[in-house]
Amino acid sequence: MDAVLVKQVTKAFGPGRQALAGVDLAIREGEIHGLLGPNGAGKTTLIAIMVGLTEADAGSVEIFGLDVRRELPRVQRMVNLVRGFSGVLEKVTARELLIYYALLYGAPLGRVEEVLRRTGLWARRDEEVASFSSGWRQRFFLAKGLINRPRVLFLDEPTVGLDLDAALAVRDLIRDIAREGCTILLTTHYMREAEDLCAGIDLIAGGRIVAGGSPQALKDLVRTPDLPEPTLEDVFLALTRESLEVADA
Ligand SMILES: Nc1ncnc2c1ncn2[C@@H]1O[C@H](COP(=O)(O)OP(=O)(O)OP(=O)(O)O)[C@@H](O)[C@H]1O
């Protein structure tokens with residue numbers, strides 16, 4: 001069974017403001033799946049629909065066979081969402097905040113220690129999250145994202161703004177989380193990150209999926225005698241620009 005199955009999802013934010021124009025997407029259980037696209041392509045809107053924060057105008061999303069619209073409370077117990085650039089409360093320690101989230105989700109309090117250890121935050125559990133550097137903050141948000149043992153974790157630009165070392169540490173953590181069986185949908189503007197982490201990638205532009213497949217399969221799509229060894233950046237530029245030119249024509 002697919003962990004996530006999206007069929008013909010559309011969403012408009014008013015007349016002439018079509019954010020998603022019939023998106024199909026499938027993610028296999030246990031996979032780290034990339035959703036890549038230029039600014040305004042529809043990635044965040046699609047994630048919001050997949051986790052039940054926003055309603056699609058048409059189409060359906062299933063998480064492990066459960067329809068997000070009809071089974072929202074059950075779906076929300078199975079998923080979690082981590083965004084880059086999230087704010088945190090002042091004057092509260094990592095442990096205190098995680099206890100709060102555990103109570104909110106009805107998770108056993110023992111889960112707090114587990115996620116603190118899992119994310120390397122145990123030694124800093126009694127420090128204020130507001131005092132953490134961006135990289136440590138992002139670890140905290142991953143810990144928060146794991147508090148309800150999600151089967152699918154949505155990561156919307158989880159390494160945005162991090163320096164290389166911090167980004168690499170977060171990527172390692174993402175890989176470990178997937179290895180433990182969690183399915184992950186990742187958006188990122190860093191092609192290297194997508195290539196390092198993702199088994200499958202969908203490219204979205206102008207609210208439509210323009211190509212999908214493994215990083216290698218995507219490169220094969222744009223390989224030419226002039227460009228015998230395309231990078232994922234080449235793929236991204238060629239396919240997203242092409243689709244936007246068609247949409248503008
Ligand atoms: N709440 C909203 N009201 C009106 N328009 C919106 C709203 N949210 C998104 N949009 C529009 O929908 C389109 C898709 O936006 P979305 O944020 O999903 O793109 P994105 O791919 O996540 O972009 P980025 O890479 O910049 O985060 C954009 O044209 C955006 O302006």
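Why is strand β8 (residues 183-187) largely enclosed by the rest of the structure? The close-up views below come from a predicted model, in which local features need pLDDT of at least 70, side-chain atom pairs count only at pLDDT 80 or more, and totals for chains, interfaces and linings use all residues. Residues are numbered from 1 along each chain as its sequence is written.

**View A. Strand β8 and its burial.** Because 5 of the 5 residues of β8 are buried, this strand is largely enclosed by the rest of the structure; a residue is buried if 20 or more other C-beta atoms, placed from the backbone, lie within 10 Å of its own. T183, L185 and T187 point one way from the strand, while I184 and L186 point the other way, and all are buried. Strands (E, at least two residues) and helices (H or I, at least four) are DSSP runs, numbered from the N terminus.

**View B. The strands that pair with β8.** Two strands pair if DSSP finds at least two bridges between them. Strand β3 (residues 32-36) runs parallel to β8 and is joined to it by 4 bridges, with L186 as the bridge partner of G34. Strand β7 (residues 152-156) also pairs with β8 in the parallel sense, over 5 bridges, and here D156 stands opposite T187. From β7 the chain crosses through helix α6 (residues 164-179) to β8 in a right-handed β-α-β crossover, that is, the path over the helix runs clockwise with the strands pointing away from the viewer.

**View C. Helix α1 and the ligand.** Helix α1 (residues 43-50) gives the largest share of the shell around the ligand, 3 residues.

Notes. Buried ≥ 20, exposed ≤ 12 C-beta atoms within 10 Å, placed from the backbone.
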